[in-house]
Structures are given as structure tokens and as C-alpha cells.
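Hello,

Here is the structure I promised to pass on. My notes follow below it.

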Amino acid sequence: LGVSVNNWVYVRKINQNGGWEKVPNGNRYTNSEGKFGFNLEPGTYQFEVQGDLERTGGTGTVSANCVVISGQNKVCDISLPAPNTTGTLRIGGTVAQGSVEFLKASTKGDYKYFEYVGKSTTTNSNGYFGLNMSPGTYRPQIYVWAKNIYYYGPACTVPETGTVTCNLDIP
């Protein structure tokens, strides 16, 4: 679709135990060609990139491991994955802008609840949003900027394969 310009890229160093540590000054914007650069010590790194539905149609992602070797330049290309969960936010029939976070339906014994899974995004100027979600049933928590208020939308089920449209029409 397109190149993701002026998009945040965060870098983190992978530890030997599989955990990760923050890299000082470890964030950059992509340039007009969608490129970014870091001067990194030898080691294994991952890059976290914000979604860019407007220009690329892609959602945020974390790259595969990228191994940096002393004295060598390394190119680590990252593609933003297409969303499998999309929709439009409307309040009273009018397109709205805000943030959308999906809470996953969970159970512990007889107790049913919706839990935070770290999946959120913002809408564009047309109220459109998209995320790449794991299969399951979710309930959207919506924060509408202009109203400074939270809403909860109807449950939405993300299938094992394919895509789903979860339009959020709040009265």
C-alpha cells in the first residue's frame, strides 16, 4: 500500500534469558522513505512499530529478532501486518475519533470477566480503526476524545481465520 513515514519505532535488546531491556534513546521516527536507523552494540534486538492504517493499511507489530554483529551494518526490514479486526466508531450516528481497546472475555471457575490484553488503537479522521487480534470474544472499551468519556461497545468475536468487522455504533 505505502510507506510508513513519521512513524515511531522502538528498539529493545533481547537478554540471554529471553527477556528484554530498554535501550537508551531507543526510539526514532521513520523518515520520508519509511526508513529508520540506530547505532547499536552487538546483540539481538527487536523493533516495535506503531500501526499506520492511513498510509499502509498496517497495524503495529514487533519484529522478529535482529542480530547485530560488531563492525557490520545490518538491515532489519519490518512489514506492518494487515488488520483482521476493523470497524468504524460512531456516536449517535456521527463519525467520532477516539481510542479503542479490546478486552478479552475470560473465566475463572464460575467467574466471567473481560481482561486487558494490551490491544488498543486510535481511530482515523473517518472513525476507522484496525487491529490484529487473536481469536476470541472481546468487548471494546472506547474513549471519545471530544466528549472526554469512556463507552463500552457490544461483544465482538474474532474468528480463527479470516477477518471481522466490529462497527461501534454508540447511541
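Strands here are DSSP runs of E with at least two residues, numbered from the N terminus, and two strands pair if DSSP finds at least two bridges between them. This is a predicted model, in which local features need pLDDT of at least 70, side-chain atom pairs count only at pLDDT 80 or more, and totals for chains, interfaces and linings use all residues. Residues are numbered from 1 along each chain as its sequence is written, and side-chain values use heavy atoms, without hydrogens and water.

Let me start with the hairpin of strand 1 and strand 2: 5 residues lie between the strands, and G18 has a positive phi near 95°. The two strands run antiparallel and are joined by 6 bridges, with I14 partnered by W20 in strand 2. Strand 1 also pairs with strand 3, antiparallel again, over 5 bridges; there K13 stands opposite Y45.

Now the interior. A nonpolar core means buried (under 20% relative accessible area, 1.4 Å probe, protein chains only) Ala, Val, Leu, Ile, Met, Phe, Trp, Tyr and Cys residues joined through side-chain atoms within 4.5 Å. The largest one has 18 residues, and L89, I91, F102 and I142 have the most contacts inside it. Strand 11 (136-144) is among the elements that give two or more residues to this core, and strand 11 gives the most, with 3 residues. Apart from this core lies another, of 12 residues, including V23, Y45, F47 and L80.

Finally, K35 sits in the loop between strand 2 (20-29) and strand 3 (43-49).

Best wishes

Note on methods
Helix = DSSP H or I, 4+ residues; strand = E, 2+ residues; numbered from the N terminus. Buried < 20%, exposed > 50% of the residue type's maximum accessible area, 1.4 Å probe, protein only.
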